[in-house]
Amino acid sequence: MALPLQPGVYIMKNKDKKIIYIGKAKKLKNRVSSYFGSHSNHSLKVIRMVENVDDFDYILCDSEFEALVLECSLIKQHQPKYNILLKDDKGYNYIKITKGEFPRIRECKQMLDDDAVYIGPYTSSFSVKQAVEETLKIFKLPRCSKQFPRDYGKSRPCLNGFMNICSAPCAARISKEEYGNNIKDAISFLKGGSVKAVRDMENQMNAFAENLQFEQAAKLRDRIKAIRNLDEKQKVVSINVPEEDVFALVNSNKKACFEVIRFQNGRLTDSEFWLIDSVDDMPQSRFELIERYYAMRDRVPSRIAVDGDIEDEALLREFLESKRGKKVEFIHPQKGEHLSIVNMCVKNANEHLAQQQGRLGRELAALEELKELLGLDKLPEYIESYDISHTFGADNVAGMIVFHNGRPMKSAYKRFAIKGFDGQNDVGSMQEVLTRRFNHYYNDEEGSTFKILPDLILLDGGEPQVNAVLPVVKSMGLNVPIFGMVKDNKHRTRAVALSGGEIEINSHRKVFTLVSDIQEEVHRFAITYHHKKHTKSTLKTSLTNIDGIGDKKAKLLLKHFKTIAAIKEAEVYELSQVQGISQKDAQNVFEYYHKM
C-alpha cells in the first residue's frame, strides 16, 4: 500500500481484523514503514506487535494536532492491546455515618439503602480518606471492628486508646451522650471545614471558660490544637500556586509506574497511580500517558510539572489548551519547592512499583545505585554471594546465599563441602564452588534454583578471589558480572573489588548498607555450616570411633555430660544412666578413654 507523506492516524489489525494498535504520525509513510524494516532498533513488545499485524488502515488529517485528537478518540473507543492504556476506575466516593447508639464514620464507594447518613459524592478517594482519617483523629473516634453497645466496657483499650487518639468506648472511657456529641461535632467539621469548625469551637471554649467549666474548655482547646497541627502538616505538601498537577514515570525491567498528584488552592487534593508494562522510550511514554490521563479527567490545570522530557511537548500543550480553553504551562523544576514536589511524586511512584514487585522503595533505590556504581547493564535483581569457612584448613565449606530484589531469598541458599583438596586454600575453594554451581546450571532439571542465572555475583574476598573465579565462569560460556567484597581491619565492609582494582562504597550509603548486609549474611550462613560440620567431625574423631557408638548415641552422651572431658571422667555406672546407652556401650566408652 502506497502511503502519503502527510499527517494522519494509522490503525493496525490482526488476522481477525481486531484493532491491536492505533498511532498518529506527522508523516504516515515514514512512521508506518519504520515498523516493517529492520528489527534491530525495536523493543520486544514492538516486535511481537508487528508479528501480529495482518492489515492496517490509515486516516489522513490536515495537521498533526488533528491527528492527535483523532488518535485519542479512537484509542478511547477501541482500547487496543499494544497501546499504553490507563484504566479509569475512579468512581464516586462518600463519607458514611452509620445509625445506632454509637455511630461510626467510614469511607465508602456507593450509597446503600441502610438508613445511614451519607456525605458526598466526591470524585477523589484520596480526599475522602484524608478527611475521614483527620476526623477520626481529631474527635478520637474508634477505627476498630468492635460493635457498640455490645462491646461497650468489655475489654482493655487497644494501642489507639493508650495513645489517646481514641476515646476507647470498649473500656467505658466515654459515655453514650458524650460520644453522640463528638459525632455531631465531627459531622459539622466534615460539612463546614476546619476554618468554620475552629471558629465555632473557640466560641464554645470561651463560653465554657467564662462559666468555669474548665474540663469542657480544655477538651475543646485540645481539639482545636489537633486541627491546627493537621493544617501545619498539610502545609508541608503545599505549593504557592492556585492549581498544579505533578507527574512522574518510574521504569524498571518488567514494570513501570505512572504517578500523578494534584493540587488545588495550594493544597494536595488527589493522588493516583497506574502500574503498566515497562516502557522503552520515556519521553514518548510521558506524552502518551499524560494525553491518556487528561482524556479521562475533566479538569486541566494551568500548570503541569513533570519529572523529565516529553516528546512533542508543544503539540501536547496545544492539545491540553484546546481542552482547557486557556493557557497551559509545562515546567521541569530544577530547584525549590516545585522540585521537592516532583521528587515526592517520584518517590511515591518508586514505592508503588516496589510494592508491586515485592520490595520496598529503598531496596529498589539501592539496586539502582549499585547498578550505576558497578556499571552493570541491567538492575541486579538476582544476586548470589559466596564465602569460604574452615578451621586452619580443616572442614572446608562454602556458603552460597541469594538476595532477590534486595532481600534474602533463603529458599535458594546452598551449602558446599569442599572436596577437591585438604588444607587452607580460599582461592582454590572458590574456584571449585563456582565450577560446581554452574555445572548445576547446565545439568539440573527445570525447577531448580540453580537454573537461575544471577545478575551479579559477590565473593567474600578481594581481587585474588575475583581473578581466580573469572576464568572459571568464562570457560563455561557464561558472562556474569563478578566482584569481591573487601573488609577493613575491623572486619567491616569498605569496598567492592574487581579485576584491576577496588571501588570505594563508604560514600554511597544505600550500596554500602546493601553490600554490608549481603556480606554479613553470607558469612553467617557459611560459618554456621562450618560449625555444624566441625562439631560432627570432632565427634567422629573421638566418640564415634568407639564400638557401638554412632552419631545418635554420641549426641546423647554430649547432651548429658556437656563435654568430652566430662565423658572421659565418668564411671561406667554414670555412663549407663544416660537414656539410650546400654551397659555394654558404657563399658566400651569407659575402656576407650582408659585403655592407656
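The model is predicted: local features need pLDDT of at least 70, side-chain atom pairs count only at pLDDT 80 or more, and totals for chains, interfaces and linings use all residues. Residues are numbered from 1 along each chain as its sequence is written, and side-chain values use heavy atoms, with hydrogens and water left out. Helices (H or I, at least four residues) and strands (E, at least two) are DSSP runs, numbered from the N terminus.

**The sheet**

- Three strands make up an open sheet in the order β2-β1-β3, with antiparallel pairing; two strands pair if DSSP finds at least two bridges between them.
- β2 and β3 (55-60) are the edge strands, each pairing on one side only.
- On average, neighbouring strands of this sheet are turned by 15° against each other, direction ignored; axes are lines fitted to C-alpha atoms, for helices over the stretch in contact, and angles run from 0 to 180 degrees between N-to-C directions.
- Helix α3 (residues 64-78) packs on the sheet and touches β1, β2 and β3, where contact means heavy atoms within 4.5 Å. The direction of α3 makes about 165° with that of β2.

- Strand β1 (residues 8-13) pairs with β2 in the antiparallel sense over six bridges.
- Within this pairing, Gly8 stands opposite Ala25 in β2, and Lys13 stands opposite Ile19 in β2.
- Five residues lie between the two strands, and Lys17 takes a positive phi near 65° in this hairpin.
- Strand β2 (residues 19-25) is largely enclosed by the rest of the structure, because seven of its seven residues are buried. Buried means under 20% relative accessible area, exposed over 50%, and partly exposed in between (1.4 Å probe, protein chains only).

**Ile224 in helix α7**

- Ile224 belongs to helix α7 (residues 214-235) and is buried, with a relative accessible area of 4%.
- Not counting residues up to four places away in sequence, Ile224 touches Val198, Met201, Glu202 and Met205.
- Ile138 is 86 residues from Ile224 in sequence, and the two are 8.4 Å apart in space, C-alpha to C-alpha.

**The nonpolar patch**

- Leu159, Phe162 and Met163 make a nonpolar surface patch of about 350 Å². Patch residues have over 30% relative accessible area and no salt bridge, and nonpolar side chains (Val, Leu, Ile, Met, Phe, Trp, Tyr) are joined within 5 Å, like charges within 9 Å.
- Accessible areas come from the Shrake-Rupley method with a 1.4 Å probe, and for residues only the protein chains shown count as cover. A salt bridge is a side-chain nitrogen of Lys or Arg within 4 Å of a carboxyl oxygen of Asp or Glu.
- Phe162 lies in helix α5 (residues 159-162) and is exposed, with a relative accessible area of 52%.
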